[in-house]
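Please look at the sequence and the structure first.

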Amino acid sequence: MTADDGPDLCEEVALEEIFEPNASFLEADLERCQRAIEDIDVAVFEYYPNIDHFEANPAWYRMSGLSRGDGLPKFLERVPARDQKKIEDILTHTAKSEKFSIVVEYDHPRRGETWFSVTGKRKTLYGRGDETAHFCGTISNVTRWVRVKNQYVETEATSQTAFDALPIGLVFVDKKTGAIERVNEYACELFGNSAESLLGARISDYIAGGIAQPERARGEVIAIRRPDERVLWAVKASIPIERRKRQKNLECYFDITPQKKIEETLRAITDKLTLATQAGGVGIWDYNIETGTEEWDDQMYALYAAQRNDFPGGEVAWQNRVHPDDREFQGQEINQAIAGEKDYDSEFRIVLPDGETRIIRALARLRTDANGEHPHLIGTNWDITEQKRTEMELKRTNISLENASIRANQLLMEADAANVAKSSFLATISHEIRTPMNGVIGLAELLLDTKLDAEQRKYAELLKSSGETLLSLINDVLDFSKMDAKKIDIERKPFSLRETVNNLVSLMRVNAEKKGIELTARIDDDVADEFFGDDYRLRQILFNLIGNAIKFTDVGSVTVTVSQQSKTSAHETVHFSVSDTGIGIPPEKQRYLFVPFTQLDNTSTRKYGGSGLGLAISRQLVELMDGKIGVSSDGTHGTTLWFTAKLPKVTEKKRHAEKVSGEEIKKNTSADEQPRMERLRILLAEDNKTNQIIAERLVQKMGHDCETVETGAQAVKAVRTGNFDLVLMDCRMPEMDGYEATEEIRKMNGKARNGQRIPIIALTAHALAGDREKCERAGMDDYLCKPVVASDMKAAIDRWTPKSGQAFSREVFLERIMGDVELAKKVAESFLFDIPTQIENLKNSATQNDYRNVALYAHRIRGAAANMECGKLRDAATAAEESATARDGSALASQTDAIREAFAEAAKIIKGSL
């Protein structure tokens, strides 16, 4: 027989051995037990795991809702898996005689969710081994208990969540000890500490001034002292609670710190307002529209010289004090304000008890209540009597000022007229002196180019030197005039400080040695060498200071010292001093040293000459360089003139770029790339015979042909033939001056031999601010100031005769600036930066048909292109300028594009070579 055929034979034999000897006894005993179990209303069960036998009383079936015969398996089917696991653990692991008690969930066939408490014990039948063990026990319905418990747990969890989430500090405090037993999260934030730190601490440690008395505990405002020294304000309320026969307090703290701050702010504002109204004499009143009564503050009573006891209502005091002539009108003003027709903003008179009349200014507005109604009119009064008196005085004063202003304008017009006369005088005298000086210096230079004996050469050199001295004086006067008109700007270009100072000292050492004076220079090692600045103006200052020192020193030496005063990463302030061993300057006269047209010894027999302008010009130039100038002398022996200049430094990056660029230019420029000389036909318009001779000779020495005319009308007629390449035009000539002649040439669209617009270069003895602009407005292309230097004339002629059709002629450009790589780089950078702006301005002006500005911008582009040897760009700009002059808008669009394309081509080549 196999295991599948039925119970094991050994198991049957064992049971027989147990039951058979005592069968009758057991049967009777079982019968009695059965009846007892069936009669009681307790669910009782027995289970024999080894034979899977289950017995239960009727109460068990009633309680479980199962039918008799449905044993433990049916019961387990209605128990969730988690509880089945509990039962299996009891059946498998419960030790001998071990009791068990579990609560399981049960799906009752009729009542649904039910909870049973299963209680019992494991037993062994008649002392035999574990294999005969069985379980007996009871079940009871604990559904109500479980539901109550779950509800309690849920309620407790909800309470805890609410306790922690409420935005009120909740603290359970033992009433007897004052110890904190429980806190919520908001209380931790409020008291500035963690729950662990608060539990067990005394609440009095956190309340400024200690715990309040019980009778004052509910709704009391207290201050909380936090560990971080902050003090917060809270409203505290205590609720007595008895727990486990101990008295507790549930203390509730509501944070009102923001409200407290607002209260303090409002109190401060109110105090300030009260102080301001008292200090400013401003009274405040409140008119109740419904009752017609008015409340005044103390300042109102003070303004009206009234007593509160005499006038409890402000409306009565007002009626008694307002001037009779103003009362009706003011009543109308107030009624209009109440009706919302206008704001109450008025002035009226009041009469004080002593008869004095005062003027009151009143402002008021309607106050809106919660219902949107306007039950009150709130206003202010203040006394403006003195203000009105002041206004009357001001009116009288203004009348006087207007009369004075008329006189001042008359004086200003007279001053402007005088200034115009001064400028006209300077322009005239400059022209009248420079014209013969041009002849003197020019003829002296031509004379020195001839074969002369020693005595003749000496006289010629003296003649040239005298002319240059006189020209220097003229330049000083003109420089001062430019400075007076704020027309001088300081340039920013790279230069070598040591080279500038040493070259100037070497040049002036000749004059010093003629007087037997030693001239030396010392430059400290910590002074940088390369700066951005105006080396020409720096030389001018040093020239004046050194020249003065040499002039006033007969014996001894002159020393130039250059040192560093201070420095930053971008600038260096350099200190220059010129010390001599001359006659000295008395202290009382030192303050006049830098005053224009002032000489310290102005008697007719004074030993030393001078215009008195050199140092005045130097002072203004130093100030343009953000520096200072001064003098030091004991008045008897020796003088030191000094000045400072704030100079931007040349960075290493900039220096390296220039060095590399220079090396590339030298490398890319071969010896056979020198520009070829082209013989030009030049028209000279000049009425002065001496200047004609000099200019003709200079032009011829440059290898060009020159034809001369003496008037502007003759120049216009000569250009009409179209046989010239360039015009040198004097500005002042009889019949028609150079400006008029140039305008006529531009009107007739005069051409050069190559078909391009003919260049016109001004020759003028004028050197005042605005002269160059005047020449440009007339249509001239360049400007040479007399006396004309040969190198300047050559540069101007070369500048305006570049080869047409070339985008950029590098070799001619370098030749023009005598191979100065540093200058080439600087000029190219300025050109590439400025021209796109000029092209954009030209385009915008052309779009608006602003022909005047189109001509101006095209002229500027043309001049810059000529300077840079950009033939294509120059030709395109010339065409645009001619179209603008002729007001030919149809051609400008294509010409603007041609200018842009020519610049782009030139820029690409320039960037690649410079």
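## An antiparallel pair of strands

Asp286 stands opposite Glu295, a residue of strand E12. The model is predicted. Strand E11 covers residues 282-288, and four bridges link E11 to E12 in the antiparallel sense.

These two strands belong to an open sheet of five strands with antiparallel pairing, in the order E12-E11-E15-E14-E13. Strand E12 (293-296) and strand E13 (344-351) are the edge strands, and each of them pairs on one side only. From one strand to the next, the twist averages 25°.

## Helices on the antiparallel sheet

Helix H11, made of residues 314-321, lies across E12 and E13. The helix runs at about 90° to E12.

Helix H12 (residues 324-338) also packs on the sheet. Helix H12 touches E11, E13, strand E14 (357-367) and strand E15 (376-383). The direction of H12 makes about 155° with that of E13.

## A sheet with mixed pairing

Another open sheet of five strands has mixed pairing and the order E17-E19-E20-E22-E21. Its edges are strand E17 (518-523) and strand E21 (629-633); each has a single partner strand, so one side of each has no neighbour in the sheet. Ignoring direction, neighbouring strands of this sheet are turned by 20° against each other on average.

Strand E22 spans residues 639-648 and runs antiparallel to E21, with five bridges joining the two. Ser633 stands opposite Thr639, which is in E22.

## Helices on the mixed sheet

Which strands does helix H15 lie across? Helix H15 (residues 497-514) lies across E17, strand E19 (557-567) and strand E20 (571-580). The angle between H15 and E17 is about 170°.

Helix H16, residues 535-551, lies across E17, E19, E20, E21 and E22. Helix H16 runs at about 20° to E20.

## Two residues with positive phi

Ala305 is not a glycine, yet its phi is positive, at about 50°. The residue is found in the loop between helix H10 (298-303) and H11.

Glu735 is a residue other than glycine with a positive phi, near 65°. Glu735 lies in the loop between strand E25 (726-730) and helix H21 (738-747). With a relative accessibility of 72%, Glu735 counts as exposed, because the cut-off for exposed is over 50%.

Methods. Residues numbered from 1 in each chain as written. Predicted model: local features only at pLDDT ≥ 70, side-chain atom pairs only at ≥ 80, totals over all residues. Heavy atoms only, no water. Pairing = 2+ DSSP bridges. Axes fitted to C-alpha atoms, helices over the stretch in contact; angles between N-to-C directions. Contact = heavy atoms within 4.5 Å. Buried < 20%, exposed > 50% of the residue type's maximum accessible area, 1.4 Å probe, protein only.
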